[in-house]
Structure formats: structure tokens, C-alpha cells
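Please examine the sequence and the three-dimensional structure shown here before reading on.

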Amino acid sequence: PCLTRLCSPIAEKTGKVLGEFCRCYKEQYGVALFNSVRYEIEGNGGPQAQLLHRKVPLEDHVIYSGNLFQYIEENKKWRNRFCVVPHNYGLVLYENKLAYERDLPPRVLVNSAGYKILTSVDQYLELVNSSLPGVTPKSGHSPILKCPTDFPLILWHPYARHYYFCVMTGKEQEKWRAVFQDCVRHCNNGISEDSKVEAPAFTDAVRMYRQSKEQYGTWDMLCGNETQVLSNLVMEELLPELRTTIGPRLKGKAQERQRTWIQISDAVYRMVYEQTKAQYDAAMAKCEQERPQMESTIRTDMDQIITSKEHLASKIRAFVLPKAEVCVRNHVQPYISSILEALMTPTSQGFAEVREVFFKEVTDMNMNIVNEGGLEKLVEYMEKLSHLAFHPVKMQSCYEKMDQLKLEGLQQRFDVSSTSVFKQRAQIHMRQQMDDAVYTFETLLHQELGKLQGKDDLCKSIQRILERVLKKYDYDSSTVRKKFFREALLQITIPFLLKKLAPTCKGELAKFQELIFEDFASFILVENTYEEVVLQSVMKDIMQAVKEAAVQRKHNLYRDSMVMHNSDPNLHLLGEGIPIDWGEEYSGQPEAEPAADKRRRAKQVVSVIQDDEGVLPYKVDAEALLQPGSPELREPEEPDPGVLPSSPDGVEEIREALAKESLGDADDPSGARMPQAVPASPLPRADVPSEARVLHAAPASPTPGAETPSPSAGMACHQSSDKETGEEVAPLGSECSPPQPADTTESGEGVQTEF
């Protein structure tokens, strides 16, 4: 009831924040459009990448699927769920595997942007206790959540609802954690970098809005798509007010008050999300409507706009630069090398691990081809290798290197709230570089196949192509890392400088507005030009620091004066061709598969095997778990005496079943096992000048060959649409959501939708 009374103030507050943001967005849109057209005309691109880039990496694939337990808050019971992670990294939870295979509606759709993956109930309780100050359960009282096993997986969000899962073994927990982290990493990076106008306009508008509120530095909640980011922006201001208003009115025990607060926060977040989406879409549509006229003006008056901007910049530079240079010299320059070293060590180790994993996978494949057969085995292994970059478990050793990133005292000095934005950005670069290396390798190998004579030729060709690709990888990874280091240093130092200079400079900027012609006021902003001048004051030191790091060669970086001449002039033409489907091209099956069969047999990146360590504490009768009223529902058959007929719901029942299972599992005649997996916030854009580069080829370090485990049969999967996966799913009946019934409790047939 108290939330109902607050609906109007919540909508009013949301509208106010979005009104201010949309004003910033409109201003930044014109600047971003001008920069985009100018870049298109003038060029000035960096060094050409040597590796090819795959356009559609995971078409017709799913990342992973398997069983786990989910805690259902509505009836406070644990249920077995079949979880599918499709190509767009949504989390889709079905009643069971049969429901998935029969294309029944999923129970839950989750877009994991902004979530943290916790593997300890204590971690979760600590975050919950801090979310509502003054409400902490007394010692000895039962906590808000009990887990029936020692291996929980909890998805925690500062505003949205939480999701609780658990599995049976530590090995399963590690695999699911890697999968969930990959989902979070991908969904956090929800603002498309392919958009050369909308994306920079949006991120700059967010930054300008927060700076107008005296909030400088990195922001952890710049994650997800535009609507999610804006919802986080609103909630950042709204939630403290709600906590003060509603918190004291909550009744009941501490655990109940905490649970109620989580539900209230989620309900408010959904209200905010719905209003934000409508208002932001309207603002975007208005800018798009005005774009043709603006672009025509830019192209017609480009030279005059540039001249006017340079005149403005010269005046601001004369006023700001002396103060900025003193600030840089005293407060930034002494720390640049320390920040760079802290960034370089884990990042370079991660990219080195990417190289090592790629080298090992190809070498193992080559050895297995020698031992097991020729082209048929090659096709089998290449289908797996082609998605190596999207295998969360195999890539985990690369991603984990970034966990070492610590800025220590520098974090407080430069107002860096967390290093997570840098970790995730580096990890995304690692995945992209791995996929580029794999795609280049398979493209070159595919070109060679028609010329090869026998198994020996094939193996020699694989080794030769591997060495070529590794040289290209070394060059590209050096370019990517140097760009990442420059951007990270700018993202750390620029907000610090702006905050330091604000008291003496920001108030004086208004007087420069008269220097801008009215016709060009949409494309030249005093605030943006001021920030460019501040950036120039520190850019020389940042470029010099990265250049000196490359000269040391400690981190396998190439010097800026080096360029790798393209030894494969036709390679990029090959990359424009039809994507390679190893299975279809070399399977010898000319007949096309029916669409339904193709969906059911969708390939899976992480294989699923029978894992004795991951036995369920009970067996699930899939037919009996179909939703009520389903045409597939049948009368249950006579129970097998060796199979537990039903699934326990409560914590104690599951623990009892676990005890029985551990005693009687060896004699279980059914032999049924749960399938398990094989072990295995964007930075702001900165126009950084790049010099030409020449390659010093680094020899590939030989890696001892290791036998690859025999491939396991993948689980039959179907392709899930974007609507199914929750990648773009909006709450409360938006156009992307499946139909929502009024009742979404466990007994209902509805879908709980996360956006």
C-alpha cells in the first residue's frame, strides 16, 4: 500500500531525471554526428588489423544447458530447473528438459546485466544486510536464505530481483559460475559499438549528467542496454529517498523486512524501466527525425564548423591549459607509470594465456588427427575449435588473470569506485582476439584443404598456418592492448582533472559561448571543447608512458614505429565470403535438414557429459512436471523401485534425499545422471593518434602436446529467439515480453520476466 501511494512521486522523479538526461543527449547527439561525419571524410584510422573478424559468431548455437536447483520465492521451495544459455547470453529457465525440447514457454527469462555472481550465502547476506541499514537479523535467527547444498550460485543486483540457484558439487559450481559470469560480461556490454553516433552520444550524455551532479570517476552501473543504464541512473538517485521513506515503515522480523525491501526495490525498478524506455525511445526518435537536416548542414559547412571549433578551442586553451598543466604535473604525472604497470601486468598475462590456450587447442587437434584419422576427424575438431572463444570454461583461465588487477591507493586518489569496468573490458578484448585468431586459422585452413595430399600434408599445413596466425595475433593483441591502456589511463585521469579544475575553470566557461555561431551551436559545445583541451594536457604523458612500456618489451608490446606489412593481401577478401560450416560442408549429407530437426539439433558450445560427481539427490519424472493442462501431460507410469518418485521441496527434505542417495546410489539400477559440462561498461572513446608500426615477429613458444578427451555427445538444443532469451526483454508487458498473466507464482503457468 505504501508503494502505491508513492507511484506518483516515483514517476515524477523519474520524469525529472530523464528530462535532464534527454536534454544532455540531444546536445551530445549533434556533436557525435559531426564527429562521425568528419571521421568518415578525413579517415585517420589506426593500423589495419591482421586477423579476420567474424561477423556472426554464434548463429544457430547455444552456449550451455543443464540442470540446477532454483529457489522459488513465491512458495519458498527449491525446484529443479533446466537452464539454457542461448547465443545472445540470456538465461532461460524451463520446467525441465522435456519442456525445452517440446518448445513450451520458459518459466523465467533473465538479462543478467548489472548482476554479480556470488558463490557463498555469507557473501549474499552481507550485501543484503547493507542494503537496508539498521535491519540485521539477530545472531541465531534463521537467515533470509537457506541453501540445501554447499554450492550456491546467487545472482545479486542492487535494484532488481535476486535469483537463487544451487548445484550438487564444487565442479558443477565452477562451471556454472563461469557460464553466468560470461552472461554478465556480455550483457553488461549492451551498448553497441557499431553505432558511431547513438553510442557515443549516449555515453557522453550519461557522463555529462553525472558530472552536473558532481559525480566524477568510473560508474559501476554503466552496464546493459541504454534503457537499463538509464534505469540505473534514476535508481541511483531514487533509492536512497525510498529507503528513508519506506524503510522505517516495514513491519515484521528482520528477515521479512529485508525480503519485503528487495521486492519493493524490484517493483520500483520495473516501474522506472517502463517509463524510461518510453521516454528515451521518444527522445531518440526525435533526434533521428532531425538527423537528415543536421547531416546536410554538416556536409555543406564542414570547413566553417571546423574553423569555428578551432577558434573556440584556441581561446579555451589559452585560459585552461596553464592551470591544467600544473595540475597534471603535480597530481597526475607522478602516478601514470604506476597505474600503467598495474594495468599491464594482468592484462598482458591474460592475452598471453589466450595465445597459449589457442596454441594448445590447435596442437592437440593436430596430434589427434595424426593418431585418429584425417579429414573426418578434422571436421569434428574444427566444429569445436570454431567456438573456442565462446567456451566459458576453457576461456576462464584467460579471464581469471584480470582478477589480479588492483590499483591499491591509486583507486582512492583518482576516485575509481571499482576496477570491474577495466576487468570486463579487457576480458571482452580477450574473447574478441581469440575469436579473430580462430576465425583466421579456420579460413586459411579451409582455403588449403583442396590442395592437400594425405594426412601428413594436412598436419604440416595446420602447423604452418598456426605459426602464421600466431604472428598476426601477437601484432593485433599488441595494438589492442596499447589502445586499451591509453583509454583506461584517460578514463582514470580525466575525471580526476575535471574535478580538480572545476572550482577555478567551470564557472568561467559560459563567457566562451558567444564565440560559437548560432548555425553551428548544435555541433560545437563549450563543455566538450573544454574537456578536449583537458585531455590534450595529459595525452602527451600517457602516450609517452605507453611508448616507453613498448620499448621495454617486458609485456610483448610492439613499438609504435613498427608496422606489419600485410603478407596475406587476399585474406580479408576471404573473410567476406560465406561463413564456413564444417559439419554441413564435409558431412556428405546433401539433403537439407527440416527446420524443426535443425532447431532441435542446434550445436552447443560447451559439451554436456554424464558426470558421476554431479548426481541429483532425486530423479525427476519429466512427464509429470509438464504444466497443468498441457496436451502432452500423461498419466504417470508405475514407478521404478530404484527411482525416487517425486522431488522434495524443502531444505530438510532435500538433505534427507542427499543422505539416502549417498548410501544407495551405487545400487541404483536406473543409472540416470544429470548432464554436466565438460571441464574446461564500455570505456569512453578517445581519439588517440597512432603512428605506423613494423612487426618484429616473435616465435611461437612450443607447447607440449596433450591428448584431447574424446568428444562427448552434445545435448539436443533448439535455437532460442531473442524474445525467449531475455536479451532485450522489457518488464511488465512491453513489446518484447511474452504474454504475462496476473499470477506468476510457482503454481501458475506464467513466465517471470527479467529485462
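Predicted model: local features only at pLDDT ≥ 70, side-chain atom pairs only at ≥ 80, totals over all residues.

Residues are numbered from 1 along each chain as its sequence is written, and side-chain values use heavy atoms, with hydrogens and water left out.

The protein chain contains 20 helices and eleven strands; these are DSSP runs, numbered from the N terminus, with helices (H or I) of at least four residues and strands (E) of at least two. Of its 755 residues, 52% are buried. Buried means under 20% relative accessible area, exposed over 50%, and partly exposed in between (1.4 Å probe, protein chains only).

Helix H6 (residues 198-212) is mostly covered, as 13 of its 15 residues are buried. After H6 comes Glu214, with a positive phi near 65°.

The structure has 33 salt bridges, each a side-chain nitrogen of Lys or Arg within 4 Å of a carboxyl oxygen of Asp or Glu. In one of them, the closest N and O atoms of Arg54 and Glu442 are 2.8 Å apart. Arg54 lies in the loop between H2 and strand E1 (61-72) and Glu442 in helix H13 (residues 420-448), so this pair ties together parts 388 residues apart in sequence. Arg54 counts as buried because its relative accessibility is 11%; Glu442 is likewise buried, at 1%.

Asp182 and Arg185 also meet in a salt bridge (2.5 Å, N to O). These two residues are separated by about one helical turn because they are three residues apart in helix H5.
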